[in-house]
Amino acid sequence: MQGDECMKKIIMMIGVLILLVGSFSIQVPNVKAVDKNKGLAKLTNGKITTGKKTLKITWKKDKQISKYAIYKAGSKYATKKKIATTKKASFTDKHPGKNHYANYYKVVGLDKRGKKKKQLEVSLNEQLFGESMVIFSPQDDQARINKKMDAIYKKQKDAQFGPDRFGVYFLPGDYTKGQPNHVYNIGYYTSINGLGAVPTQTKLANVASPAALPDNNGTCNFWISMENFQITNKKPTTAFEDQFNYGASQAAPLRRMQVDRPAELDWHKGWVSGGFISDSVYKQKVGSETQQQYYVRNSQLDKSWYGTTINGVLQGTKGAPASNWEQSPEETVVTNIKKTPVVREKPFLYLNNQHQYKVFVPGLQKNTAGVTWKKNSIGKGKSLDLKKDFYVAKASKDNATTLNKALKQGKNLFFTPGVYKIDQTLKVTKPNTVILGTGLATLENKSKGGAIKVADVDGVTLAGLLIDQETSSKTFVQIGDKNAHKNHKNNPTLLTDVFLRVGGTKDIKTSANTVVEVNSNDVIGDDLWIWRADHSQGVGWTKNETDYGMIVNGDRVTMYGLFNEHHQKYQLLWNGEYGSTYFYQSESPYDPQKQSDWMSHNGKVKGYASYKVSNQVKHHLAQGIGVYGVFVATNGAPMEMENGVEVPNRPDVKVINACTIELGGSDDPDRAVNHVINGTGISTKEIRRPFILKYVNGKSTLPDGSVVDGK
């Protein structure tokens, strides 16, 4: 019994001791749990500077640190090896090699006992571009590349209105070794790019854009891009995942690509609303049975194109099928325009043979077909030096003041991925200014004067930008001064991959009388999406208000791949002469609350035509026009649009291949687009997709070949 009592006392004492120790440990001040995944604390003020044949790293000296170990690798995701130890808060690498950008350093601070306490990672690439630009090298550990790409996709795949932006760049090389069918997925606000002079210098196995919505629905796969690399097909299979599956819609351009795999522009044949391709080569069949519309320009199709159920336009594209609207097709609706009259391709970043970052600005082309590049030729144009000619902007430090200062000094702007707060209008006043964004760099406009104003000067380029309205302004983006009249025929301004949003991002009231106003002559638009938001936050008939998506006042303005949606009056109002549009996609506003609120012509005509050419215009051409009624948020009110298109009846005002459709329910008698153009073309109440083949000088040619008079 005594033994048992002793044992009980020992157990009690141990329990008390455990409680005391636990209590004591909780109350110790300044003790923090260590998260091994987060690594060491950071050394501060890290900087790297270049000499002719050296790289010098400096950092702020730390009192806790006795000495510093220096590690180095030839790429970001390769294993670093120890190269030196120093007691100074600096280190000079006397052997960085010819490519200074291929040096990635880690500085590890050690205390007196040799224990690692703090660290710093530094490279010229991250110092120049920031952490949101991810640059891979063929020397990187492939497993680490895959892990990083997976992490980006996981973060972005559901972030339709999220804050993060990523520009992913692959240095020239082959990333397919050992994984010939590996697929990288791409999510919102991500661009994937090659850093070679031509696409075939950078080889990836495959990339996919999985549908963001249930049931393989890709109609909300927006704000992504891919550019300047080759998708290989070294180990062909017939599996779905081994196709190039790109289930994307608006604001998801594919540029300067070579795709060796069969390409399906949807996700498991789900609904999609694309799309844009330019300057690209497709070695196998490409298309989609479920895409509503697509625009392909200056490309090469070695096999077949198929699909697009409403409006497919292929222009300046070798291997494109013939136009077939006369046959009233249910699938593969094609308008084939043999040549592109005048265009400049989008500028892009690359690393030249001297290991210098350059921005290539393609030259002006006239009456062309096919791609601009060859296996060993970057194409016609000029290269600008990134460090000398550009101000490299970062969202963490830049604002309208710093950006306008750089513009005033004659610098071009390169926007690294991020969201930039713009509280003053960005003013572009110097000719040939290039403003290029990557990773869907976003300008949040808080200026009542608008986000960007471009003076009436030659050769300005706005490219790769997403611009959000977060206030009210008369004009959101303005190209050219009011009453601009200069001739820019030989050096036009270019807007390319520019996407504009009013509403959707925050629960605030926003408005713009006109989202884009083009006053200068000879402007070229190439893949624009001008979007009054139809879902998410800050959306409603009186919450995000826009009268006009675009007003064109300049002469000889040309639009390629114009997506323009949901505005409350004329979505496109064209006042200038000799204008041209090649491919137009437009949805009506979803949400007029009663028909009397949505009437044009002084309240006499139901709704507003989406594509409106003013009565005084004598010369205009529009080809491949699709106007869709989507009256799904009218609070039950019947809603009709009288005409999808309105133009003056003149000999040189021509519309070729135009259609309408009611996506909100073609069998609903209370919702309809009544005519395609000027009172001709039957109502969407009667058939799914009414269309006309041609409208010239008041005469409309219908699908059966008959000709009727327009109003």
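Student: How far apart are the centres of domain 1 and domain 3?
Tutor: The model is predicted. In it, the C-alpha centres of domain 1 and domain 3 are 50 Å apart.

Student: And which residues does each domain cover?
Tutor: The domain assignment puts 41-127 in domain 1, 130-343 in domain 2 and 384-709 in domain 3.

Student: How many helices and strands does the protein chain have?
Tutor: There are 60 strands and five helices. The protein chain's radius of gyration is 29 Å, close to the 27 Å from the globule rule for 711 residues, so the chain is as compact as a globular protein of that length.

Student: What box do the C-alpha atoms fill?
Tutor: Roughly 110 × 75 × 55 Å along the principal axes.

Student: Now Ser600. Buried or exposed?
Tutor: Ser600 is buried, because its relative accessibility is 1% and the cut-off for buried is under 20%.

Student: Where does Ser600 lie, in which strand?
Tutor: Ser600 is in strand E51, which covers residues 599-600.

Student: And what does Ser600 touch?
Tutor: Leaving out residues up to four places away in sequence, Ser600 touches Tyr570, Val605, Gly607 and Tyr608.

Notes:
Residues are numbered from 1 along each chain as its sequence is written. This is a predicted model: local features need pLDDT of at least 70, side-chain atom pairs count only at pLDDT 80 or more; totals for chains, interfaces and linings use all residues. Side-chain values use heavy atoms; hydrogens and water are left out. Domain bounds come from an automatic or database domain assignment. Helices (H or I, at least four residues) and strands (E, at least two) are DSSP runs, numbered from the N terminus. The radius of gyration is taken over C-alpha atoms; the globule rule is 2.2 Å times the number of residues to the power 0.38. Buried means under 20% relative accessible area, exposed over 50%, partly exposed in between (1.4 Å probe, protein chains only). Contact means heavy atoms within 4.5 Å.
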